[in-house]
Amino acid sequence: MDIFGFIDLPTPVVLLLVCISLYVYFMSNTHGTFKKLGIPGPKPWPVIGNSIFAFKTGMFNTVVAGYRRFQHMGGMYGTFEGRSPILTVTDLDMLREIMVKQFNNFPNRRKYATMDQPMVDKIMFNLDDDEWKHHRALIKPTLNPNRLKASYPRVEKLLRSMLAVMEQKAKSQGGQLDISLPIGCFCMDVIAGIGFDLDCNSIGNPKNDFLVKARNFLDTFGERTFSFSLFVPHFVKHILDWFGIMIMPKKDVLFLREFTRRAIDVRRSEKDGQRGREDFFQYMIDHSVVRDEKKNGNTGPSTKLLSLEELYGSSLTYFLAGYDTSAKGFFFAMYHLAMNPDCLKKAQQEVDCVLQGDFPNPDNVQNLKYIDMCIKESNRILPLGPYVERRCSQDTNVLGRHIPAGMNIRIPIAGIHYDPNLYPDPQRYDPERFSPEASKDRHPMAFMPFGAGPRGCFGQPLAMLLMRVGMAAMLQRFNMAPCGKSEYPIRIIPMSDLVPEHDLWISLEPRQ
Ligand code: HEM
């Protein structure tokens, strides 16, 4: 093909060049957004925007570095992930407006293509507006303190199994143990047990299908989500949907759905009240279209029943949001303590003094104030969501700053947690930062490992219970210390969802 009368190129090459040019134009034509709004930010590259740094060092470090660089430039800065503009807000008062006071203008999150496909799009994280409100109102009572207390005997049984496995494993490994494995299995078994009345037995068999599939889904989530949103325009997901192609591993999603379907069949085949089940899943079934027809009538907090697809979504939400986060929260907090002998000693003394040899339970762990400080400090250093997001639903004004409808807002939790003005020498592990005196004047948005406002984590009571009883039980039974294989501080695989680069080895021996 003759171009401009002097370049002669084969037609396929010309077509390819046209496609590339259109792609580059489409991926970059949003990149003037922040300049027009007068918002500072680094210059974007064509197509990928500002994501080079994230590729090199990971999202966690990107959030911390961006916050440091732009913190004093008017409370917000703009970057681009692929063609998507992201407005990161660093001012804590503005964040309180966005997440709490003006929540009605920021009720939803950004739609990532990975979670916007059939079979996974009903996960609560992803739901918008009324659908989200309805779902959240329904699911929230499943984790109220009374329900959690009622399920505690099952948690205690699993906790005792975990302690026995730890002791036996450490013995067979010369007194050394990677704590991430037994703690991960314990959390999976708790979620399966109190959520679905299911004996998953990951503690006895860490290679069971369920754990492997859930892990595979979760471990690839961050990378797939980021890569897709960077290079592929969102509309492409409609083409994939049409061909039935999933961005997340389809076989793992199908496995988890099949599990839910079988569980529904079991519950339906049981006569009313036969097993007297009171778990999360039964509650959701009782409020869904698959419930026993005899129960038509009052459906509790809402009159609208969940569809079958929503029931699948809520089960996936419970498993995926609940298992990984509580496991990481627990083993990171325990590892930090084991690596800091003075803090460990203090925590152990508190457990001995407060529990007086009783096994930990939801009531007696309420008095473990120092353990709570240790959990908070671990959550500060490694917030499991280094950032969270909201989407602006209509043109609005936040403390004098205009925010246009549709803008993605990023809340840089890791940046805030590493701000030396809020936490001097932020790399250092120091639970005293969370003593009542040290924290009393801190801004309420200066610490948000569970997010904030009506869209904050709904699993916090369960996560806190597991961390408190789990850590107290381990401190009661074992002496712990760094060992030859320990690596500290904890390093994270750059593009992962806070997956540690190395196993979490400690020396562990039963206390006399
Ligand atoms: C240490 C453990 C945990 C941490 C650090 C954590 C952290 C978070 C964070 C940062 C968010 C986003 C909040 C926001 O956008 O403001 C979130 C949301 C959520 N978490 Fe957790 N979480 C934990 C445990 C759990 C557990 C055990 C469950 C369930 C059994 C759970 C279920 C959820 C759900 C469903 C949401 C979405 C809420 C919504 O969109 O309304 N989380 N979590």
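Helices (H or I, at least four residues) and strands (E, at least two) are DSSP runs, numbered from the N terminus. Residues are counted from 1 along each chain as its sequence is written. The model is predicted, so local features need pLDDT of at least 70 and side-chain atom pairs count only at pLDDT 80 or more, while totals for chains, interfaces and linings use all residues.

Confidence first. The protein has a mean pLDDT (the predictor's confidence in each residue, from 0 to 100) of 90, with 95% of its residues at 70 or more. Residues 296–302 fall below 50, and this stretch has nine contacts in the model beyond near neighbours in sequence; a contact here puts two C-beta atoms, placed from the backbone, within 7 Å.

Now the ligand. Its shell holds 24 residues, and the closest are Gly322, Gly329, Gly451, Cys457 and Gly459; a residue is near if its C-beta atom, placed from the backbone, lies within 6 Å. Helices α14 (308–338) and α19 (460–477) each put at least two residues into this shell, with α14 giving the most, seven. By type, the shell comprises 13 nonpolar, nine polar and two charged residues (Ala, Val, Leu, Ile, Met, Phe, Trp, Tyr, Cys and Pro count as nonpolar, Asp, Glu, Lys and Arg as charged, and the others, Gly among them, as polar).

Helix α14 also packs against α10 (residues 209–231), at about 85 degrees and with the axes 11 Å apart; axes are lines fitted to C-alpha atoms, for helices over the stretch in contact, and angles run from 0 to 180 degrees between N-to-C directions. α10 is therefore roughly perpendicular to α14, a label for angles of 65 to 115 degrees. Ala214, Phe217 and Leu218 of α10 meet Phe319, Leu320, Tyr323 and Asp324 of α14. Six of these contact residues are nonpolar, none polar and one charged.

Definitions and conventions: Parallel < 35°, antiparallel > 145°, perpendicular 65-115°, else oblique.
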